[in-house]
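This report walks through a few features of one structure, from helices to a sheet to single residues. Please look at the sequence and the model before reading on.

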Number of protein chains: 2
Amino acid sequence: MTTPEREVPSEPVVDPTRDRAVYLQIADWLHDRIDNGAFGPGDALPSESKLMRQFGTARTTVRRALGALAHEGLVWSQRGRGVFVRDREPNDAVVRNPYERLRRHHRESGRSSLLVDAQSQGVEVVQELLALVEEPATSLVAHNLGLEEGQTVLARRRRMWFGEQPNQLDESYLPLEIAQGPLRDERPGEGGTHARIEELGHRLTRFTEEFSLRMPTPDEVHMLRLGDGVPVVDLLQVAYAVAADGNRAGREGERPVECFIAVLAGDKHRLEYRIDAE
Amino acid sequence: MTTPEREVPSEPVVDPTRDRAVYLQIADWLHDRIDNGAFGPGDALPSESKLMRQFGTARTTVRRALGALAHEGLVWSQRGRGVFVRDREPNDAVVRNPYERLRRHHRESGRSSLLVDAQSQGVEVVQELLALVEEPATSLVAHNLGLEEGQTVLARRRRMWFGEQPNQLDESYLPLEIAQGPLRDERPGEGGTHARIEELGHRLTRFTEEFSLRMPTPDEVHMLRLGDGVPVVDLLQVAYAVAADGNRAGREGERPVECFIAVLAGDKHRLEYRIDAE
DNA sequence: CAGTGGTCTAGACCACGAT
DNA sequence: TCGTGGTCTAGACCACTGA
């Protein structure tokens, strides 16, 4: 999108005297061929031995070029088959739309927030419970729930599957006063955790979401089956509520009732927000 | 965050017979030492030659281990000095808060949306104009502005600097009927593009934001001075407006007036949203 | 100057896929 | 069986940093 002035010879040649490393020149050449559509999504790149011959370099050099493209998320490789151009327009990406998904009528209609996003796109969602334990709050969780570090909270850890793909690792933390009844069950049930919280006499008022980006840890690569060069989103969501008994309409007495932390697979999500201009 | 059961010997040993590659075992060992705090942010890792001796492997193998950590964004290296643990809690990250920044009172107080985010955090923002030209709309731009592909739009491309760091590449596209007067100037002026749009008789009603993640292209790495293992956010924002002359309060006649595309440096931003529960 | 990381070579053995 | 990519070795030359 920025500086497309780079000269790209269509003949595969490299110049060892340039200040750009040879393996990067090879990577640039392949990169541009992919951008130009000479190699389209799903196509195989030339094999390593072919590239060695074409560029007259050692195999290591060719492999570093291919590695650079892989780390960029442009290609993926399979032993015994070849290196292939990745499809960068993931049709199977889930559109996460918090503005819609966190609204009351969805909870009341029995759909949890994730299901709102996924079902509207015809994706089946399955939760895999990894842990449901009481444990001391980390400083991050304590801070967001207004507790002291080390106070006991109920932690629920899950891996969410969207169809055949694990797409989200999440952790829900509830203060013990909130974590009553069905909130301690293995499955939060229709409408999700938020619906159960409201049934227990809390009226949800608002949510804050904050997120940041990073590359996954090796564990996350494994758990989310991430390809090379796929980043993740660190999502931190805090839900706030007031007591529902009094019939005040305002937000006096508002307090955090859930701290929700998730790691989203970057290639399987698209996030949408709607903001009013006033 | 998921499966911390892995056994980590504190003595640096690798087992070539395991199914996990030696370089990954070395990477795991270093990774855990970093997580445990044995190597803190800014600390130097053992040098390559030291790791070669400790693990009894070739230099290439050690370098691949370090490369894996670098691609994860955990460490960075400097020739002649060493490999250092990166500070993962970027104090200099700008908190982008669209919910606040797109509100009218900020425009009326003469602050553009980016400045709202940055100035509240004491960061100086400088825009570097890369291009200001009329050009045919891409299919993406045309689709979001309700135009036909190829119709002429006014494109403004910039690189934004937050302090000493380039942190955002952006492109603003305006239909020609909107792109009048000061909107064609090099600098949009106080309150930014949105303020100018409203002064021209359009009342902004809402914005949609959508974003997705990916690894940067080599160009973006250069333009944003990105370190290894730093992802970017693709942001697509569309502003909608109605004519301000009639005194209808509703949104009849609402139309898109600006398509804004940005690439944000992933390690220099944190995004925050606030969502009401109703 | 010694030590560091960056690049490149020329080979080896292996696991896997297609045939 | 052959071609593919995945790992590893042992060495070389270079550019840069810091004392």
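## Two crossing helices in chain B

H1(B) passes H3(B) in a right-handed crossing. The model is predicted. Helix H1 of chain B covers residues 22-35 and helix H3 of chain B covers residues 59-71; their axes come within 8 Å and cross at roughly 50 degrees. In general, the angle and the distance between the axes are what describe two packed helices.

Which residues of the two helices meet? From H1(B) they are B:Val22, B:Tyr23, B:Ile26, B:Ala27, B:Leu30 and B:His31. From H3(B) they are B:Thr61, B:Arg64, B:Ala65, B:Leu66, B:Ala68 and B:Leu69. By class, this contact has 9 nonpolar, 2 polar and 1 charged residues.

## A sheet with strands from both chains

An open sheet is formed by 8 strands, in the order S4(A)-S5(A)-S6(A)-S9(A)-S8(A)-S7(A)-S10(B)-S3(B), with mixed pairing. Its edge strands are S4 (125-136) of chain A and S3 (94-96) of chain B, each of which pairs on one side only. From one strand to the next, the twist averages 20 degrees. Strands of a sheet pair through backbone hydrogen bonds, and the pairing is either parallel or antiparallel.

Strand S7 of chain A (residues 202-214) pairs with strand S10 of chain B (residues 269-276) in the antiparallel sense, over 6 bridges. Within this pairing, A:Arg206 has B:Asp276 in S10(B) as its bridge partner. Helix H8 of chain A (residues 192-199) packs on the sheet and touches S6 (165-175), S7, S8 (232-243) and S9 (255-265) of chain A. The direction of H8 makes about 150 degrees with that of S7(A).

## One residue of strand S7

A:His202 lies in strand S7 of chain A. Leaving aside neighbours within four places in sequence, A:His202 is in contact with A:Ile178, A:Ile197, A:Ala241, A:Val242 and A:Ala244. A:His202 and A:Ile261 are 59 residues apart in sequence, and their C-alpha atoms are 21 Å apart in space.

## Aromatic pairs

How many aromatic pairs does the structure hold over all chains? There are 5. In one of them, the rings of A:Trp29 and A:Phe55 have centres 5.6 Å apart and planes at 80 degrees, so this pair is edge-to-face. A:Trp29 is in helix H1 (residues 22-35) of chain A and A:Phe55 is in helix H2 (residues 48-55) of chain A. The two residues are 26 residues apart, and the pair links distant parts of the chain.

Technical notes. Residues are numbered from 1 along each chain as its sequence is written. Chains are lettered from A and ligands numbered from 1 in the order in which they are written. This is a predicted model: local features need pLDDT of at least 70, side-chain atom pairs count only at pLDDT 80 or more; totals for chains, interfaces and linings use all residues. Side-chain values use heavy atoms; hydrogens and water are left out. Two strands pair if DSSP finds at least two bridges between them. Helices (H or I, at least four residues) and strands (E, at least two) are DSSP runs, numbered from the N terminus. Axes are lines fitted to C-alpha atoms, for helices over the stretch in contact, and angles run from 0 to 180 degrees between N-to-C directions. Contact means heavy atoms within 4.5 Å. A crossing is left-handed if the near helix is turned anticlockwise from the far one by less than a right angle, and right-handed if clockwise. Ala, Val, Leu, Ile, Met, Phe, Trp, Tyr, Cys and Pro count as nonpolar, Asp, Glu, Lys and Arg as charged, and the others, Gly among them, as polar. Rings of Phe, Tyr and Trp (its six-membered ring) pair if their centres lie within 6.5 Å; planes under 30 degrees apart count as stacked, over 60 as edge-to-face and the rest as tilted.
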